[in-house]
Amino acid sequence: MQATIESIGHIKTPYETLEDCPRNIDPQGPPCKLIIRDDLRDGLMGLVLGQMILILYWLDQADRAVILQNSRRTGALAGIFALRTPNRYNPIGAAVLPIEAIDGCVITVRGLDCLSGTPLIDIKPAMAGESLT
């Protein structure tokens, strides 16, 4: 089965190298910008300040060949589906964060765990009880 994903924009963060990136999202972290393609601007209609959104992004510098990895927290060897590692077969990052600002095609959130320039693949309203922290 083949799937195709097209970027809806990109993410601007303060992180330029993998070493700079935090290990997980931090809702109190630095401001990050979700920059949406202009042709998709109307897709932002209905989003409001303070609303929790699910942000999906493509970790384009991940090692897709890794299947087993040591946990950064415990050191135990585990499969990638049991870890929040960026190294995965389909390197999709996910975060649930509140909208801090909306300015045209730019949504500001705080504390994403990805490099500046990371492809943004989707935004959805977060469902009640959903947490990816």
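Accessible areas here come from the Shrake-Rupley method with a 1.4 Å probe, and on that basis the accessible surface of the protein comes to about 8,100 Å², of which 54% belongs to carbon and sulfur atoms. The structure is a predicted model, and it contains 9 strands and 0 helices. Buried residues make up 39% of the 133 residues in the protein.

**Overall fold and dimensions**

- Read from the N terminus, the elements of the protein follow the order β-β-β-β-β-β-β-β-β.
- The protein has a radius of gyration of 15 Å, which agrees with the value near 14 Å that a compact globule of 133 residues would have.
- Taken along the principal axes, the box filled by the C-alpha atoms is roughly 45 × 35 × 30 Å.
- Among contacts with a separation of 6 or more, 78% are accounted for by residues 24 or more positions apart.

**Nonpolar cores**

- In soluble globular proteins, nonpolar side chains tend to be buried together.
- The largest nonpolar core of this model has 23 residues, and those with the most contacts inside it are Leu34, Ile53, Ile55, Tyr57, Ile107, Val109 and Leu112.
- Two or more residues of this core are given by each of the elements β2 (31-36), β3 (52-58), β6 (92-98), β8 (106-110) and β9 (118-125).
- Apart from this core lies another one, of 7 residues, among them Leu54, Trp58, Ile121 and Ala126.
- Once its neighbours within four places in sequence are left aside, Leu34 is in contact with His10, Ile11, Ile53, Ile55, Cys105, Val106, Ile107, Val109, Leu112, Leu120 and Ile123.

- Not counting residues up to four places away in sequence, Thr118 touches His10, Ile11, Tyr57, Trp58 and Asp60.

- Ile67, Leu68, Leu77, Phe81 and Tyr89 make a nonpolar surface patch of about 620 Å².
- Leu77, one of these patch residues, is found in strand β5, which covers residues 77-79.
- The relative accessible area of Leu77 is 57%, and because this is over the 50% cut-off, Leu77 counts as exposed.

Notes:
Residues are numbered from 1 along each chain as its sequence is written. This is a predicted model: local features need pLDDT of at least 70, side-chain atom pairs count only at pLDDT 80 or more; totals for chains, interfaces and linings use all residues. Side-chain values use heavy atoms; hydrogens and water are left out. Patches are made of residues with over 30% relative accessible area and no salt bridge: like charges are joined within 9 Å, nonpolar side chains (Val, Leu, Ile, Met, Phe, Trp, Tyr) within 5 Å. A salt bridge is a side-chain nitrogen of Lys or Arg within 4 Å of a carboxyl oxygen of Asp or Glu. Helices (H or I, at least four residues) and strands (E, at least two) are DSSP runs, numbered from the N terminus. Buried means under 20% relative accessible area, exposed over 50%, partly exposed in between (1.4 Å probe, protein chains only). A nonpolar core is a set of buried Ala, Val, Leu, Ile, Met, Phe, Trp, Tyr and Cys residues joined through side-chain atoms within 4.5 Å. Contact means heavy atoms within 4.5 Å. The radius of gyration is taken over C-alpha atoms; the globule rule is 2.2 Å times the number of residues to the power 0.38.
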